[in-house]
Amino acid sequence: MIRLVLAVPLLTLATMFAHAEEQMLLTPPKGFKVVAETGSDRTKTTVLVPQGQSVANWTEKLSTQVLFKQADEAPEAFRARAEKAALADCPGASFEKLKGGTENLYPVAAWIETCPKPKDGAGPLQTWTKAVQGRENFYVLQKAHRFTPDAKQLKALTRLFDASRVCDTRVPGQRCQQK
């Protein structure tokens, strides 16, 4: 079972598991609100957008996805599959690797996907993705923009992705506190 906790004063979003102590920690950007949550026995997805925007009409979108009991795929394999699907959906898409290896003792991959002409015609789309292979579940964080982020926004994105992480309170050396 998954439980989403949103501490309004701190704007800290923590995805926690009642049956386990593995969790994804994330502090959303200031002014973002939850606009959609979907789930099944296999996945849980949460979507946040800035105040005044909606799930159908947004310029920035932050989403988290937990794939329950699907921790057998390596993040780099997930990335390869995601890039192949993106190329089929957006001819001309380009990709930039941000990070690979391990983070907080978990395998991780992070990359940027740029789609110059999305099929919905809404203008260029840039999506930052971070995939983490947990011991129990697989975690995906995405921040999408319908514009090209400027230098200040890129710095904030880097901080967001560096601060978000998966942790497990049962494992020594893994802090489950926000940075």
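I started with a term: a salt bridge here is a side-chain nitrogen of Lys or Arg within 4 Å of a carboxyl oxygen of Asp or Glu. With that in hand I looked up Arg170 and Glu136, whose side chains meet in a salt bridge at 2.5 Å, N to O. I keep in mind that this is a predicted model.

**Entry 1: the Arg170 pair**

I asked where in the chain the two partners sit. Arg170 lies in the segment after β11 (165-168), and Glu136 in the loop between β9 and β10. The pair links distant parts of the chain, 34 residues apart. Arg170 counts as partly exposed, at 44% relative accessibility. Glu136 has a relative accessible area of 17%, and the cut-off for buried is under 20%, so Glu136 is buried.

**Entry 2: other salt bridges**

How many salt bridges are there by this rule? I noted a count of 10.

I picked out two more pairs. Glu73 and Arg81 join their side chains at 2.9 Å, N to O, and Glu73 is partly exposed with 21% relative accessibility. Lys44 forms a salt bridge with Glu37, where the closest N and O atoms are 3.7 Å apart. Is Lys44 buried or exposed? Lys44 counts as buried because its relative accessibility is 16%, whereas Glu37, at 42%, counts as partly exposed.

**Entry 3: the whole chain**

I stepped back to look at the fold. I found 2 helices and 11 strands in the protein chain. Reading along the sequence, I wrote down the pattern β-β-β-β-β-β-α-β-β-β-β-α-β. The chain has 179 residues, and buried residues make up 44% of them. I also looked at contacts between residues at least 6 apart in sequence: 48% of these join residues at least 24 apart.

**Entry 4: the cores**

I recalled that in soluble globular proteins, nonpolar side chains tend to be buried together. Here I found that the largest nonpolar core has 18 residues. Those with the most contacts inside this core are Leu62, Val132, Tyr139, Leu141, Phe161 and Val166. Which elements give two or more residues to this core? I listed β3 (22-26), β6 (60-68), β8 (106-115), β9 (125-133), β10 (137-145) and α2 (151-163). Apart from this core lies another, of 7 residues, among them Phe78, Ala109, Trp111 and Ala131.

Leaving aside its neighbours within four places in sequence, I found Val166 in contact with Glu22, Gln23, Met24, Asn104, Tyr106, Val132 and Tyr139. Val132 and Tyr139 were already on my list of residues with the most contacts inside the largest core.

**Entry 5: β9 and its partners**

I followed β9 next. This strand is mostly covered, with 8 of its 9 residues buried. On one pairing, 8 bridges join β8 to β9, and the two run antiparallel. I found Ala110 opposite Lys130 in β9. I then looked at β10: 8 bridges join β9 to β10, again running antiparallel. What is the bridge partner of Thr129 in β10? I noted Gln142. I also saw that β9 and β10 form a hairpin, with 3 residues between them.

**Entry 6: the largest pocket**

I looked for open space and found about 600 Å³ of it in the largest pocket. I noted 27 lining residues, of which Asp89, Glu113, Leu125, Thr127 and Gln142 lie nearest the centre. The elements that give two or more residues to the lining are β5 (43-50), β6, α1 (75-89), β8, β9 and β10. Which element gives the largest share of the lining? I wrote down α1, with 6 residues.

**Entry 7: a loop residue**

Gln53 counts as buried because its relative accessibility is 18%. Not counting residues up to four places away in sequence, I found that Gln53 touches Lys33, Val35, Trp58, Thr59 and Glu60.

Terms used:
Residues are numbered from 1 along each chain as its sequence is written. This is a predicted model: local features need pLDDT of at least 70, side-chain atom pairs count only at pLDDT 80 or more; totals for chains, interfaces and linings use all residues. Side-chain values use heavy atoms; hydrogens and water are left out. A nonpolar core is a set of buried Ala, Val, Leu, Ile, Met, Phe, Trp, Tyr and Cys residues joined through side-chain atoms within 4.5 Å. Buried means under 20% relative accessible area, exposed over 50%, partly exposed in between (1.4 Å probe, protein chains only). Helices (H or I, at least four residues) and strands (E, at least two) are DSSP runs, numbered from the N terminus. Contact means heavy atoms within 4.5 Å. Two strands pair if DSSP finds at least two bridges between them. On a 1 Å grid over the protein atoms alone, a cavity is a set of points where a 1.4 Å probe fits but cannot get out, and a pocket is an open set with protein on both sides within 12 Å along at least five of seven lines; lining residues have an atom within 4 Å of a point. Grid points are joined across faces, edges and corners, and a volume is the space filled by probe spheres set on the points.
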